[in-house]
Amino acid sequence: MTKIEGKKRIVIKVGTSTLTHQTGKTNIARMAKLVSVLSDLKNAGNEIVLVSSGAVGIGAAKLGFSKKPESTRGLQASAAVGQCELMFLYDKLFSEYGVVVSQLLFTADTLENSLEKGHLIDTFNQLFEYDALPIVNENDSVYVEELINGDNDCLSANVAKLINADLLILLTDTHGLYDSNPAHNENAKLISKVDEITNEIFEIAGGASEKGTGGFLTKIKAAQIATDSGIPVIIMNGEKPTSIYKVLEGESIGTYFSAKVK
């Protein structure tokens, strides 16, 4: 991977497993570090969009559940509670660095409606002009299909496509795409670069993380959406948010998906 030169528009997606402990409660230290890195990148002149999962998991923990509810209504209610807590934490943490945050909740239907899509693009552009940082999530309390399938990965890719981003970074609980499941094969090797997303890539991807709802397959689908639109993608471990600096310096971290030439 080459160094990311100049001021760029970057979409960063963070999953539930990165934002929470094994207990299901918020990993405040990691969240704070992520916020500090994104604030610093923004101070350097980059335009940052954060697509954040975590509402259901954080909401369930706040409601006192030991695990996420199994019923759809329970998931919807947890999302409603958790989204408040999630944005409260982001607003509090980003405000320490003088960064104004905004919340955008929408569904896949919004992107399929030309009028609503146009309004959404206008909102993003105006927020950039106001120097605010957009924080995006699915509207999980009203859009059940996405709530169940857990597809914030593809949402982040569609957001990147919508705003003509220069880079999409997916933070997850693994180091990237392996040639086999590292949980079952100690000799599994990390694939550092994918120039073309083939059927073989889809075949070796899979397996949902314990706390998130989207497996690696959704990340490959997201990578395909973005790279087909000329946007490179990096899937990397979100355990150390400061690794984002290394990525932008051109260091090989995680799995890099090359953008198709338009």
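## Asn-137 and its polar partners

In this predicted model, the side chains of Asn-137 and Gln-83 are joined by a polar contact of 2.9 Å. The side chain of Asn-137 also makes a polar contact with the side chain of Asn-152, again listed at 2.9 Å. To find Asn-137, look in strand E4, which covers residues 133-138.

Is Asn-137 buried or exposed? Its relative accessible area is 2%, so Asn-137 counts as buried. If you skip the neighbours within four places in sequence, the residues in contact with Asn-137 are Ser-52, Ser-53, Ala-55, Gln-83, Leu-86, Leu-104, Leu-105, Phe-106, Asn-152 and Leu-155. Asn-152 and Leu-155 are among the buried residues of helix H8.

## Where H3 crosses H4

Next up is a pair of helices: H3 (residues 55-62) and H4 (residues 72-95). Their axes come within 6 Å and cross at roughly 95 degrees. That angle makes H3 roughly perpendicular to H4.

Sorted by class, the contact of H3 with H4 has eight nonpolar residues, four polar ones and two charged ones.

## H3 under cover

H3 is mostly covered, with seven of its eight residues buried. Those buried residues are Ala-55, Val-56, Gly-57, Ile-58, Gly-59, Ala-60 and Ala-61. After H3 comes Gly-64, which has a positive phi, near 90 degrees.

Gly-24 lies in the loop between helix H1 (16-19) and helix H2 (28-43). With a relative accessible area of 18%, Gly-24 is still under the 20% limit, so it counts as buried. What does Gly-24 contact, leaving aside neighbours within four places in sequence? The answer is Gly-57 and Ala-61, both of which are on the list of buried H3 residues. There is also a distance to look at: Gly-24 and Gly-54 are 30 residues apart along the chain, and their C-alpha atoms are separated by 9.7 Å.

## H8 alongside H10

Now for another helix pair. H8 (residues 152-162) packs with H10 (residues 216-228) at an angle of about 10 degrees, and their axes are 8 Å apart. This makes H8 roughly parallel to H10. H8 brings Asp-153, Cys-154, Ala-157 and Asn-158 to the contact, and H10 brings Thr-218, Lys-219, Lys-221, Ala-222, Ile-225 and Ala-226. By class, that contact has five nonpolar, two polar and three charged residues.

How many of the eleven residues of H8 are buried? Nine are, so H8 is largely enclosed by the rest of the structure. They are Asn-152, Asp-153, Cys-154, Leu-155, Ser-156, Ala-157, Val-159, Ala-160 and Leu-162. Following H8 is Asn-164, with a positive phi, near 55 degrees.

Cys-154, one of the H8 residues in the contact with H10, is buried, with a relative accessible area of 9%. Cys-84 counts as exposed, at 57% relative accessibility. As for disulfides, taken as cysteine sulfur pairs within 2.5 Å, the count comes to zero.

Conventions: Residues numbered from 1 in each chain as written. Predicted model: local features only at pLDDT ≥ 70, side-chain atom pairs only at ≥ 80, totals over all residues. Heavy atoms only, no water. Helix = DSSP H or I, 4+ residues; strand = E, 2+ residues; numbered from the N terminus. Buried < 20%, exposed > 50% of the residue type's maximum accessible area, 1.4 Å probe, protein only. Polar contact = N/O pair within 3.5 Å; in protein donor to acceptor, adjacent residues only side chain to side chain. Contact = heavy atoms within 4.5 Å. Axes fitted to C-alpha atoms, helices over the stretch in contact; angles between N-to-C directions. Parallel < 35°, antiparallel > 145°, perpendicular 65-115°, else oblique. Nonpolar A, V, L, I, M, F, W, Y, C, P; charged D, E, K, R; others polar.
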